[in-house]
Amino acid sequence: MAVRTAGLAEAPTVRLPVVTSASPTRTTSGSGARVRGIDAARGLALLGMIAVHTLPTSENGELTTVGLLAGGTSAALFGVLVGLSVALLTGRRRVDLRGGSFRSHALRLAVRGLAVGVLGLALGEAALGDVDIILTYYGVLFLLAVPLILLPTRGLFALGAALAVVAPVTSHLVRTSMPPAELIDPSFTALVTDPAGLVGTLFFTGAYPIWPWLTYLCVGLAVGRLSLTRTRTAAVLAGSGVLLVVVAAVVSHLALVTAGGLGQILANPGLPTEELQAALTEGPNGVTPATTWWWLAVDTAHSSTPLDLARTVGTSLAVLGAMLLLDRALAHGGAATWARVVGAVRSPLAAAGAMTLTFYTLHVVVVGLAPTAEPWTLYLVQITVALLVGLLWQRFVGRGPLEAGVSRLTDVVAPASRPAADRPAGRPWLSALVAAAVLAAVVGGAFAVAGLAEGPAADTASSSATSEEGDAPDGPVVEEDTAEADQPSVSEDASEQQDTGQPDTGQDAADEGE
């Protein structure tokens, strides 16, 4: 099974205003204070990603501690943080279609998406090891965020909830008629030789299929508009995240064990026995087989089912909420000894989290160049470098090299506009209608391309089968006995508050870039 990658959020410098009920926007320290809890969440996701790619995630058909804690959850956390980053880059409020800043925000998001996507294609072209590169998927998510910034916060939460159900179901329908997908890393070669196949991979069959992953983008964008510096917000995020995890696990157990869904999967697995065992423990390669609808009841990592999306959205919200609660505790602790100690311990983690694009790229290169290294040694070396170099770099240099490069490119190609303030939304229905139309056009186009791609492939498969049947030697057909596989184990285990954040000014745009 290919090694899985957690995506990597570029780490915008986070400057969140303290929002009061009717007063003008103020910042936590005059010009703005970095919310370290968000960087710490990114840092945890980075360490989890390195662990998943370096250390065993399962042994003897059971998840290891690494697989249990980081498998799938690190990638999902980065996915949610993509949306949160978009919220920060667009002033943490809905952008009015008629406002002067929409064009600037849209162009800047597009440039970022293209830059990150091209970097992903380059890494995929290099083919360094077995890490599934997420950056190209990530770049497309930035492009799809353009219409989403037009939606209100409640609309984003509702759309995310709807996509968590609709996207896996429609993807299952599409993949039922598609040939078995070969898991490939998006690359320049794939873009030139098979663009339609690349679109199908990116949206439906890849390691990080964009169609269901839009759930993470919507949730993260909505969360990014909340008052993240308030204790109540952090507590609600953490509590609701834990609740989602519990509900997803209970529903999956009832569907698979109590209702007999596991038996249906075993009767129509669509995978060889050894891959089936891995799919029911570690998780499949991005999506489940489309042999039976019962596959949508699993909640294993990287299965992109409704319950997997609910579980991983829950873990993401829980981690983010916990890190924000730690922020509030340290703020109340002030100069107390415990607060200084905890703050010092957290600093390297937050520093690494502020440079995830750089460290992710280095991680892919290191894993590719050292495939036979002792796992624990390789892991410890990577996290030590990330924590220490990240801390020193941030203190003496500033932003990470790749983060600064993407931000500089964005500033050159699409300079930030400097309006006094975004105009209030005069016609919210118009923005929502345009956003829906753009999303429908993009996703509909992906479905159409996937349909066109499946035709020739299906014909080829049919011709191949016919040829093999014709070439088969004469004689009696002998049916081979197959041993019944052991049954794989299956794990049994708030209201909107839209901030009036400051619009993206020149310096803020540079600080909040990748």
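Start inside the protein: the largest cavity has a volume of about 60 Å³. A cavity here is a set of points, on a 1 Å grid over the protein atoms alone, where a 1.4 Å probe fits but cannot get out, and its volume is the space filled by probe spheres set on the points. Before you click on, note that this is a predicted model, where local features need pLDDT of at least 70, side-chain atom pairs count only at pLDDT 80 or more, and totals for chains, interfaces and linings use all residues. Residues are numbered from 1 along each chain as its sequence is written, and side-chain values use heavy atoms, with hydrogens and water left out.

Now select Gly72, Ala75, Ala76, Trp213, Tyr216, His302, Ser304, Asp308 and Thr312, which line the largest cavity; lining residues have an atom within 4 Å of a point. By class, that lining has 4 nonpolar, 4 polar and 1 charged residues, with Ala, Val, Leu, Ile, Met, Phe, Trp, Tyr, Cys and Pro as nonpolar, Asp, Glu, Lys and Arg as charged, and the others, Gly among them, as polar. Helix H3 (73-89), H9 and helix H13 (306-333) each supply at least two lining residues; helices are DSSP runs (H or I, at least four residues) numbered from the N terminus.

Next, show H3 with H13. They pack at an angle of about 70°, with axes 8 Å apart; axes are lines fitted to C-alpha atoms over the stretch in contact, and angles run from 0 to 180 degrees between N-to-C directions. That makes H3 roughly perpendicular to H13 (65 to 115 degrees). Look for Thr73, Ala76, Leu77, Val80 and Leu84 in H3, meeting Arg311, Thr312, Thr315, Ser316, Val319 and Leu320 in H13 (contact means heavy atoms within 4.5 Å).

Last stop: H5 (residues 135-148) against H9 (residues 210-223), packed at about 60° with axes 10 Å apart. Color Tyr137, Val140, Leu141, Leu144, Ala145 and Leu148 in H5, which meet Ile210, Trp213, Leu214, Leu217, Cys218 and Leu221 in H9. This contact has 12 nonpolar, no polar and no charged residues.

Methods: On a 1 Å grid over the protein atoms alone, a cavity is a set of points where a 1.4 Å probe fits but cannot get out, and a pocket is an open set with protein on both sides within 12 Å along at least five of seven lines; lining residues have an atom within 4 Å of a point. Angles under 35 degrees count as roughly parallel, over 145 as roughly antiparallel, 65 to 115 as roughly perpendicular and the rest as oblique.
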